[in-house]
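Visitor: Hi! I've just opened this one and would like a quick tour. Could you walk me through it?

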Amino acid sequence: KELYSTNMLCAPNRCLNPIFPALTGLQTMKGISSYTCVDNADGGKSLPFCGEIVTYNYQIAAIPDGVTTTQTPAEYWEGQALTDFVWHMGAMGFDEWDYRTKVNENVYADPCALAVLKLACYTYFPKCEHGHWGGETGSYVQPCFTACSNYITACQVECCDESVQCVFEFTQKDSDGNSLTQTGYSSHFGPSAFCTGSPASRGARTSFVLLGALAFLHFFLGASFFGERA
């Protein structure tokens, strides 16, 4: 199957590796078996970096074995979100120092920066499983399809191939010959009890409508064509 576009006019834009913010962290979080639900009574104020994004009751994982730190689990995972945010912003060509803290209004004034921030924070601070309350344990609730699609739209990501997909699964071998499987985001649209994230942005909603219209036309015209032949 041909993976690359035959459109000679296509120009890659912000086609990074990893292509999505915190994608490596997503694999880490999916591999953690148990999370503890936190009753977010202070509306995220206890999370200096992600607090304005994580306004829901969220789950938190223990600090991984082998990591020596004096940080609390919340501080540790916020550090991971901040690191991934800063790396991705820098890789896209932004001056990451202009976007490091939540008090910097640049993040909220730039739709792309905000989409990166949301995807990083949703990844490390998943919402509590449906019906779970503070102190109860649960499993990972991955970011919604719309959190990923909002990033693609806001940051105008284009790779001229099929790599810009929010829902995917592929397997590759590491240097030792071990098979490693990497998966993408939830197929659910936010907000949903089955994923973490917000609704589709206006631009992403427009894309969904256009895709739906094209699919309908393709089906309708195809049906008409075969009907005429019959």
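Guide: Happy to! One term before we start: two strands count as paired if DSSP finds at least two bridges between them. Please also keep in mind that this is a predicted model.

Visitor: Got it. What order do the strands have in the open sheet of three?

Guide: The order is E2-E1-E3, and the pairing is antiparallel. At the edges stand E2 (58–60) and E3 (137–138), each of which has a single partner strand, so one side of each lacks a neighbour in the sheet.

Visitor: How many bridges join E1 to E2, and how many are there between E1 and E3?

Guide: E1 and E2 are joined by three bridges and run antiparallel. Between E1, which covers residues 35–38, and E3 there are two bridges, again in the antiparallel sense.

Visitor: Which residue stands opposite Thr-36?

Guide: That is Thr-137 in E3. Another residue of E3, Gly-138, stands opposite Tyr-35. Towards E2, Val-38 has Tyr-58 opposite.

Visitor: And the faces of E1, which residues are on the covered one?

Guide: Tyr-35 and Cys-37 make up the covered face of E1, while Thr-36 and Val-38 are on the uncovered one.

Visitor: Switching to sulfur. How many disulfides are there?

Guide: The count is seven. Let me take you through some of them, starting with Cys-10 and Cys-160, whose sulfurs are 1.8 Å apart.

Visitor: Which hand does the link of Cys-10 and Cys-160 have?

Guide: Its torsion about the S-S bond is about -90°, so this disulfide is left-handed. The two ends come from distant parts of the chain, 150 residues apart: Cys-10 is in the segment before helix H1 (23–30), and Cys-160 is in the loop between helix H5 (145–154) and strand E4 (169–173).

Visitor: Is Cys-160 buried or exposed?

Guide: Cys-160 is buried, at 12% relative accessible area. Cys-10 has 22% and is partly exposed. The cut-off explains the two labels, because buried means under 20%.

Visitor: What does Cys-15 bond to?

Guide: Cys-15 is joined to Cys-159, with an S to S distance of 2.1 Å. The torsion here is 115°, and the link is right-handed. This pair also connects distant parts of the chain, with Cys-15 in the segment before H1 and Cys-159 in the loop between H5 and E4, 144 residues apart.

Visitor: How accessible are Cys-15 and Cys-159?

Guide: Cys-15 is partly exposed, with a relative accessible area of 37%. Cys-159 is buried, at 6%.

Visitor: One more from that list: where is the partner of Cys-50?

Guide: Cys-50 forms a disulfide with Cys-121, S to S 2.1 Å. The partner, Cys-121, is in helix H4 (residues 111–124), whereas Cys-50 is in the loop between E1 and E2, and 71 residues separate the two. A torsion of about -80° about the S-S bond of Cys-50 and Cys-121 makes it left-handed. Both of these cysteines are buried.

Visitor: Nice. Now aromatics: how many pairs does a search of the whole structure find?

Guide: The search finds 10 aromatic pairs. One of them is Tyr-76 with Trp-77, an edge-to-face pair at 4.8 Å centre to centre and 80° between the planes.

Visitor: Are Tyr-76 and Trp-77 buried or exposed?

Guide: Tyr-76 is buried, with 13% relative accessible area, and Trp-77 is buried too, at 2%.

Visitor: Why is the pair of Phe-145 and Phe-189 called stacked?

Guide: The centres of those rings lie 5.1 Å apart and the planes are at 15°, so the pair is stacked. Phe-145 lies in helix H5, and Phe-189 lies in the loop between strand E5 (179–183) and helix H6 (202–229), so the pair ties together parts 44 residues apart in sequence.

Visitor: How accessible are Phe-145 and Phe-189?

Guide: Phe-145 has 18% relative accessibility and counts as buried, while Phe-189, at 44%, counts as partly exposed.

Visitor: Last one: which residues do ring pairs link into a cluster?

Guide: The cluster is made of Phe-20, Tyr-151 and Tyr-185.

Terms used
Residues are numbered from 1 along each chain as its sequence is written. This is a predicted model: local features need pLDDT of at least 70, side-chain atom pairs count only at pLDDT 80 or more; totals for chains, interfaces and linings use all residues. Side-chain values use heavy atoms; hydrogens and water are left out. Helices (H or I, at least four residues) and strands (E, at least two) are DSSP runs, numbered from the N terminus. Buried means under 20% relative accessible area, exposed over 50%, partly exposed in between (1.4 Å probe, protein chains only). A disulfide is a pair of cysteine sulfur atoms within 2.5 Å. Rings of Phe, Tyr and Trp (its six-membered ring) pair if their centres lie within 6.5 Å; planes under 30 degrees apart count as stacked, over 60 as edge-to-face and the rest as tilted.
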